[in-house]
Amino acid sequence: MADSIPPALARAFTALRASRGWGQGELARALGLRGNLLSEYETGHKPLSRERLEELIAPMGLGADDVDLTLFWLDLTDRQASGPLGPFAPDARDLRRIRRAAASAGRAAVEATLATLARAWQAREVRRARSRATAGLARLRSLPKENRRLLVEEAEEYRSWALCEAACAASEKAAADDAREALELAQLALLIAERASGGEAWRARLEGYAWAFLGNARRVGSDLQGAEDAFARSQARWAAGSAAVPGPLEAGRLLDLEASLRRAQRRWGEALDLLDRALATSCGPEAACRILLKKAFTCEQMGACENAIDALERAAPLIDEARDPRQACVLRFNLAVNLCHLGRHAEAAPLVTETRELAVALRNDLDLVRVLWLEARVAAGLGRRKEAAAALRQVRMDFAARGLAYDAALSTLDLAVVLLDDGRAAEVRTLAPEALPIFGSLGLQLEVLRALRLFWRAEQEAATADLGRRLLRFLERVRLDPGLHFDSISPEERSAPRRRGR
């Protein structure tokens with residue numbers, strides 16, 4: 001009986017054909033062969049090589065991996081059919097149970113291995129695509145702006161999801177310094193998304209992602225209504241692509257970018273809710289850290305400094321200081337700022353020391369100026385007013401030398417408050433001729449300019465120092481919240497150095 005069993009390759013051919021539901025005649029026609037030739041292969045009357053088998057199954061969409069799996073199953077079946085010999089061999093019923101258990105375990109192991117290998121393959125392809133996108137975006141940005149669109153429209157290699165993602169990231173980075181460049185890069189990302197391959201659902205999802213960054217760029221450019229419209233488009237296109245296979249795009253970005261808009265609109269509750277939702281969907285410590293830093297900034301803008309400190313402390317363990325020392329520096333700086341807001345200068349002091357060490361390693365002169373400003377605020381809070389005044393004089397000179405008029409004005413006001421607290425009103429009056437023109441050039445609200453003129457009179461030292469603190473806190477916040485009115489700042493709110501980052 002055993003002699004009549006066809007060879008393993010022949011039986012594999014039969015199993016693979018049957019699994020696809022193809023008849024011998026149908027497959028023979030697809031291959032352009034006579035019908036009985038396939039029968040001869042399957043019965044073993046005509047020898048079948050591995051190479052020939054792969055050729056025969058190709059029209060059915062099968063390949064070498066299908067042959068491997070089928071041969072494995074056949075070999076396992078053959079070995080189990082013979083069974084062990086001897087007095088301790090399982091009987092037929094026990095053997096069937098063993099085989100069922102082994103088959104179940106084998107299937108689970110195969111499925112787990114397939115899933116693991118598929119994820120590894122996807123991760124590798126994502127890394128490769130992002131690497132190509134980095135180079136592609138650099139080439140695009142080297143071109144005149146009017147030529148970028150032409151290249152995207154004409155060359156398929158400039159229409160990838162990864163290039164869209166890279167342009168979005170570049171737009172967000174540019175937003176800190178150049179709102180116009182941020183807008184142009186976001187528009188480029190949307191152009192790429194609209195022409196990307198991968199099917200309509202995936203394209204819709206990619207467009208939804210790009211629209212969120214376009215909304216962010218509009219927000220930075222103070223076009224809040226345009227930003228509102230962009231986020232509405234983002235949500236609609238993202239939802240339209242819900243049928244797409246989940247890809248590497250981070251869904252939480254849509255939420256945390258919209259939260260920045262709600263913060264700019266002073267819709268605090270909505271901003272915090274969006275950030276909490278983004279945090280719940282974040283993938284990895286880097287994303288969670290970014291969201292917590294945004295939450296801290298939002299809480300600080302609300303005046304909820306305790307909540308800001310809580311968010312910063314939650315973010316601290318998520319930062320890889322070796323990989324991103326600047327983020328570590330920013331976090332410590334902002335934590336110290338919020339502690340100063342609350343009058344907890346003694347707790348801020350060691351953080352300032354750590355911040356200075358990180359800033360020195362980063363070799364950014366402007367960072368060091370801001371750290372010196374923070375050191376002055378801590379010194380003033382600890383009663384070391386002469387030390388604070390000397391540091392603030394240096395800070396205002398450094399800001400002025402760099403053409404940073406707003407920061408120079410703020411540090412001048414800060415210096416005046418410290419001098420008044422130290423009983424040196426006469427020195428405050430000497431600052432007025434230099435300071436008032438700077439403030440007048442900043443386009444401030446009329447009631448703020450009136451309050452500033454009153455302050456610089458320095459007639460009643462206690463009242464004027466308190467007014468100075470209120471003005472400082474207002475001027476810090478109005479920079480990022482142009483709609484804020486001076487009357488909405490309570491006398492209890494105290495000033496602190498300008499934050500780093502957005």
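Modeller: A residue counts as buried under 20% relative accessible area, as exposed over 50%, and as partly exposed in between. The model is predicted. Glu270, with a relative accessible area of 37%, is therefore partly exposed.

Biologist: With which residue does the side chain of Glu270 meet in a salt bridge, and is that partner buried or exposed?

Modeller: The N to O distance of the pair is 3.9 Å, and a salt bridge requires a separation within 4 Å.

Biologist: Why do the buried residues of α11 line one face of the helix?

Modeller: The buried residues of α11 are Gly226, Ala227, Ala230, Phe231, Ser234 and Trp238. Viewed down the axis of α11, they line one face because they fall within an arc of 135 degrees. They pack against α10 (200-220) and α12 (252-264).

Biologist: Which parts does the salt bridge between Arg141 and Glu181 tie together?

Modeller: The side chains of Arg141 and Glu181 meet at 3.2 Å, N to O. Arg141 lies in helix α6 (residues 92-142) and Glu181 in helix α9 (residues 179-194), so the bridge connects parts that are 40 residues apart in sequence. Arg141 is partly exposed at 36% relative accessible area, whereas Glu181 is buried at 15%. The parts tied together are α6 and α9.

Biologist: Is Asn338 buried or exposed?

Modeller: Asn338 lies in helix α16 (residues 325-341). Leaving out residues up to four places away in sequence, Asn338 touches Glu300, Cys305, Ala308, Ile309 and Leu312. Its relative accessible area is 0%, so Asn338 is buried.

Biologist: How far apart in space are Leu71 and Ala8, C-alpha to C-alpha?

Modeller: Leu71 lies in helix α5 (residues 64-82). Beyond its neighbours within four places in sequence, Leu71 is in contact with Ala8, Leu9, Ala12 and Arg50. Leu71 and Ala8 are 63 residues apart in sequence, and their C-alpha separation in space is 6.8 Å.

Definitions and conventions
Residues numbered from 1 in each chain as written. Predicted model: local features only at pLDDT ≥ 70, side-chain atom pairs only at ≥ 80, totals over all residues. Heavy atoms only, no water. Helix = DSSP H or I, 4+ residues; strand = E, 2+ residues; numbered from the N terminus. Contact = heavy atoms within 4.5 Å. Buried < 20%, exposed > 50% of the residue type's maximum accessible area, 1.4 Å probe, protein only. Arc of directions from axis to C-beta.
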